[in-house]
Amino acid sequence: MKIKTKFGMAMQILCILCLAGSTLYFMIGWNQIPAEVPGHYNFAGEVDSMTGKGSLIFLIVLNWVMYLGMSVLEHFPQAWNTGVKITVRNRTRVYRILYHMLVCLKFSVVLIFSFITSWHENYMPPWFLAATLLLTFGPMIFFLVQLWRVR
């Protein structure tokens, strides 16, 4: 059963480019990063705690770990909770829809964490929360509607 597609490969490439770019940006710009960076923002986008710039290393590593974990999960479609009854007739289509959802969510996670890692201002842009929610729930809603139609 072949569930990987050109769309999935394009998303994989975008993830790697984003991860590599944010990691290189971090490594090259280490000396330009202030000693203390925002550690947390409240809902208004204001900093409510500061932390040392070393904590950014954790975010870079976490971004890579989440990417790799989701990449491993892609190879085991039988472990996915499909929410629909899998039949011989719909098996490939259901797994392809879930594969596309997984690669989109993986790209969303990579984008969000790459932005957080590279943003060192004392405020979070007002659009960030909305963009994060849209990047997280948008693909899930889109692909779950497709999945519901297949069942």
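Predicted model: local features only at pLDDT ≥ 70, side-chain atom pairs only at ≥ 80, totals over all residues.
Close-up 1. Glu 121 is 36 residues away from Lys 85 along the chain. The C-alpha atoms of Lys 85 and Glu 121 are separated by 48 Å.

**Close-up 2. Glu 74 has two salt-bridge partners, Lys 4 and Lys 106.** The whole structure holds 2 salt bridges. In one of them, the side chains of Lys 4 and Glu 74 meet at 3.8 Å, N to O. Lys 4 lies in the segment before α1 (6-28), whereas Glu 74 lies in helix α2. The pair therefore ties together parts that are 70 residues apart in sequence. Lys 4 counts as partly exposed, at 29% relative accessibility. Glu 74 is buried, with a relative accessible area of 3%. Glu 74 also forms a salt bridge with Lys 106. Here the closest N and O atoms are 2.4 Å apart. Lys 106 lies in helix α3 and Glu 74 in helix α2, so this bridge ties together parts 32 residues apart in sequence. Lys 106 is buried, with a relative accessible area of 1%. Shared partners join Lys 4, Glu 74 and Lys 106 into one network of salt bridges.

**Close-up 3. Trp 80 and Tyr 95 form an edge-to-face aromatic pair.** A search of the whole structure finds 8 aromatic pairs. In the pair of Trp 80 and Tyr 95, the ring centres are 5.9 Å apart. The planes stand at 90 degrees to each other. Trp 80 is in the loop between α2 and α3. Tyr 95 is in helix α3. The pair links distant parts of the chain, 15 residues apart. Both Trp 80 and Tyr 95 are buried.

**Close-up 4. Ring pairs link five residues into an aromatic cluster: Phe 115, Trp 119, Tyr 123, Trp 127 and Phe 128.** Within this group, Trp 119 and Tyr 123 pair with ring centres 5.6 Å apart. Their planes are at 85 degrees, so the pair is edge-to-face. Tyr 123 counts as partly exposed, at 43% relative accessibility.

**Close-up 5. Lys 53 lies over the face of Trp 30.** The distance from Lys 53 to the ring centre of Trp 30 is 4.4 Å.

**Close-up 6. A nonpolar patch on the surface includes Phe 137.** Phe 137 has its place in helix α4, residues 127-150. With a relative accessible area of 42%, Phe 137 is partly exposed.

Key. Residues numbered from 1 in each chain as written. Heavy atoms only, no water. Phe/Tyr/Trp six-rings, centres within 6.5 Å; stacked < 30°, edge-to-face > 60°. Helix = DSSP H or I, 4+ residues; strand = E, 2+ residues; numbered from the N terminus. Buried < 20%, exposed > 50% of the residue type's maximum accessible area, 1.4 Å probe, protein only. Lys NZ or Arg CZ within 6 Å of the ring centre and 35° of its normal. Patch = residues over 30% accessible without salt bridge, like charges linked within 9 Å, V, L, I, M, F, W, Y side chains within 5 Å. Areas by Shrake-Rupley, 256 points an atom, 1.4 Å probe, with all protein chains shown as cover. Salt bridge = Lys/Arg side-chain N within 4 Å of Asp/Glu carboxyl O.
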